Amino acid sequence: MNKQLRVLFIGTYVPKECGIATFTSDLLNSVSGENNDVHCEVIALSDPSETYNYPEEVVFQIQRDKLEDYYLAADYINQSDADIVCLQHEFGLFGGNAGDYVFALLSGINKPVITTMHTVIREPELEYRVSTEQLIKYSEKLVVMSRAAVDMLKNGYNVPEDKIEIIFHGVPDYPFNDCSKYKKMLNLKGSPLVLTFGLLSQNKGIESVLEALPEVVSQYPDLVYLVLGATHPMVKKTQGEVYRQYLKNKVSELGLENNVVFHDKFVEKEELCNYILASDIYVSPYLSKEQIVSGALTYAMGMGKAIVSTPYWYAQEMLADNCGLLVDFGDTDGFKNSLLYLIENPDECDSMRKKAYDFGRKMTWKNVCKEYNTVFSKALKHYNTYPRVQNRFNFLPNQLPEVKLDHLKLLTDDVGIIQHTNLGVPARHYGYSTDDVGRALVALTQLTDSQKKAEEFRKLITTYMSLIEHAQTDTGHFHNFMSYKREFLDEKGSEDTLGRAIYGLGHVVSCPYLSKNIRTLAHTLISKSRPEMENLGSPRAKAYAICGLYEILRAGVDADEFESVFKLRKDVVKPLDTLVDVDRDNFESIFISHADSLVDLYEANHKENWNWFEPTVTYSNAKLSESLLRAYNYTKDKTYREIGLTTLDFLTETQWKGDFFDMVGNKGWYSYKGEKPIFDQQPIEAGYLTQAYVSAYEIVHESKYLELAKYSFEYFLGRNRLQAVMYDHSTGAVFDGLTSNGMNYNQGAESVICFLMALSSLNEHINEDFSTLLQSKVSDGLVTEL
């Protein structure tokens with residue numbers, strides 16, 4: 001039994017009142033109705049102001065101007081069982097510059113795309129050329145509706161002919177008939193009845209026909225010209241009914257009130273067909289020659305109407321071989337003479353109608369759907385025979401960036417680190433932050449692997465230590481924010497600020513290449529913070545404190561090493577021979593207490609498919625998991641390891657997309673049974689994930705964690721949803737995040753510091769297993785097979 005082909009259409013869709021919505025609906029119904037082995041669904045495009053009661057085949061909606069919806073649609077498509085995507089493309093359907101939001105969708109899906117191009121521009125402006133070239137790149141096949149469109153794609157865009165398919169615009173299949181039956185059905189008058197239909201806008205050129213009518217109706221006073229259709233919704237939104245009123249005024253000026261009728265409504269397909277069948281002559285007076293397809297003209301031909309049209313590209317091609325009459329743009333006399341010719345020569349008119357009708361048989365939906373099904377089959381076969389590389393990111397495993405501190409130094413003055421930048425320029429009005437200084441100490445001490453490096457970083461580390469000491473309050477807490485005028489802006493910082501300060505100071509204490517003086521100062525500041533550390537409530541503050549205390553506990557502190565320095569400090573009141581031992585016991589007690597509280601938090605909140613410490617995944621997430629892995633390393637308590645790995649694996653499941661990390665955005669966070677926000681993504685999450693994966697690898701020695709560490713680090717290098725390179729190799733700066741509008745081009749302190757922390761962690765294992773990482777296809781279910 002053949003597998004059912006599943007086609008996912010993307011476009012506007014009924015009940016939206018637009019030509020492409022009707023086309024998408026007709027195409028879907030013909031494709032699925034003709035063959036039971038084809039199942040069709042729709043992703044519908046809507047405007048924010050629109051609310052539609054879509055039929056059941058609509059399985060997902062995209063708000064036209066909401067970029068995030070395009071990314072979510074790509075995720076939906078990848079997770080669906082669709083075999084092929086059929087995109088209806090017209091630039092105005094999609095948001096962005098020349099409709100370029102659609103490429104957020106197309107660049108992220110792993111299904112073959114068949115694109116029906118409803119517009120092709122011969123000589124486009126730059127943005128439309130770029131958009132068209134991108135569309136060509138992401139499409140397996142391009143369907144156009146005329147030979148003119150083929151020639152444009154081949155000659156103007158260098159598209160290979162075998163990538164292009166001509167399939168006519170579809171039409172309903174009605175028998176050739178006279179008009180009287182349908183005139184009577186609709187209670188229409190007119191002998192002849194002349195029709196123009198479609199959504200009303202100024203490019204319709206209807207005024208040209210109106211100006212031609214006085215001489216025609218003087219000879220044939222029973223003639224009625226019916227203008228059928230509502231004003232185009234976008235025109236109505238921006239211009240109101242200016243054009244319609246202009247036409248009505250012209251009717252009055254020309255004395256045509258008895259001969260011209262406006263039906264201001266959007267008619268459904270069946271009613272529209274009845275109006276076309278009732279008419280004697282169809283007039284298509286478009287003003288622009290760059291019209292590459294017209295559904296209205298196609299319907300008129302398919303129903304055997306006598307046609308008068310301006311010579312836009314589609315009309316020239318369709319009305320060749322005497323299938324209709326062509327009149328130059330705005331040529332009033334031409335319309336007059338053509339109408340008179342058709343009225344006065346009924347035999348020639350009937351012959352023209354029959355030729356148009358016979359040509360229209362090629363365009364019936366029954367025939368059109370067969371051709372689409374053939375294209376679907378060919379594209380799917382070709383796609384499966386020559387599968388695309390689903391891993392879109394190609395990085396050599398041994399090419400980590402060199403450590404570059406230019407940007408960090410640019411942000412650092414003689415006080416500390418300027419928090420933020422304005423497009424890379426330090427923004428002084430934001431001042432300084434203890435949060436940044438604490439983490440910068442972690443990054444620099446991790447990079448200090450020799451006496452030479454210690455000397456190289458001495459000024460930076462000393463400056464940061466100076467600020468963090470100045471920021472400590474009498475209680476042992478820390479101020480966080482300091483203005484550029486060197487005034488603290490808070491009574492004390494958050495608990496996270498205290499945790500981050502301990503995190504940095506612990507790394508200073510444990511760094512053997514730093515001077516005894518600076519390590520002793522760090523130890524003393526931590527000791528003073530002990531009462532505040534004991535009372536921490538914030539899970540992340542506890543995690544930071546665990547990571548900082550771990551550095552002291554794992555390194556071991558030699559009392560003799562510090563004794564000579566302690567003797568010089570008048571504020572040390574504890575006996576010198578017991579200070580370090582007492583602090584060590586206190587630190588260990590706090591360390592274990594905080595680790596146990598994270599275990600309790602996990603036990604209280606985890607549930608099926610939610611292995612996390614809290615009901616919501618928010619910020620700095622991987623630091624929670626890493627802290628328990630650190631706790632295991634020191635205590636060997638397997639509970640810490642189990643929960644640390646379980647929660648880290650949960651973050652992987654939540655954020656790993658098969659070939660890139662899609663971090664939880666802070667635009668709403670990610671709650672249990674809620675939807676994961678895509679934006680705004682912060683680079684801190686990639687930095688912390690890298691550190692956590694390296695910690696996991698060091699404990700369990702499973703290569704998947706080292707692979708994941710590499711991939712999370714490559715988030716900075718372009719392995720992310722936007723494929724945006726966030727790291728500036730020339731300066732060492734890192735952009736501040738990924739938003740729904742693209743990259744955040746500011747380059748603040750947190751971003752570069754977290755990058756350096758991740759880089760130093762990964763550098764320790766640069767030669768371990770990296771030579772085989774790209775060759776492992778799906779060893780741990782991580783990477784989509786190449």
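## Domains, a buried helix and salt bridges

The domain assignment of the protein chain, an automatic or database one, lists domain 1 (5-170 + 370-384), domain 2 (179-363) and domain 3 (405-772). This is a predicted model, in which local features need pLDDT of at least 70 and side-chain atom pairs count only at pLDDT 80 or more, while totals for chains, interfaces and linings use all residues. Residues are numbered from 1 along each chain as its sequence is written, and side-chain values use heavy atoms, with hydrogens and water left out.

Visitor: Which residue forms a salt bridge with D75?

Guide: A salt bridge needs a side-chain nitrogen of Lys or Arg within 4 Å of a carboxyl oxygen of Asp or Glu. Across the interface of domain 1 and domain 3, that rule finds two. For D75, the closest N and O atoms are 3.8 Å apart, and the partner is K657.

Visitor: Why is helix α28 largely enclosed by the rest of the structure?

Guide: Helices here are DSSP runs (H or I, at least four residues) and strands are E runs of at least two, numbered from the N terminus. Buried means under 20% relative accessible area, exposed over 50%, and partly exposed in between (1.4 Å probe, protein chains only). The buried residues of α28 pack against α26 (638-655), α27 (683-700) and α29 (749-763), where contact means heavy atoms within 4.5 Å. Helix α28 (residues 703-713) is largely enclosed because the number of its eleven residues that are buried is nine.

Visitor: How many residues apart in sequence are the parts that K378 and E165 tie together?

Guide: Good one to look up in the model! K378 forms a salt bridge with E165, their closest N and O atoms being 3.0 Å apart. Since K378 lies in helix α15 (residues 365-385) and E165 in strand β7 (residues 164-166), the pair ties together parts whose separation in sequence is 213 residues.

Visitor: Is D436 buried or exposed?

Guide: D436 forms a salt bridge with R439, at 3.5 Å between the closest N and O atoms. Both lie in helix α17 (residues 434-447), three residues apart, about one turn of the helix. With a relative accessible area of 5%, D436 is buried.
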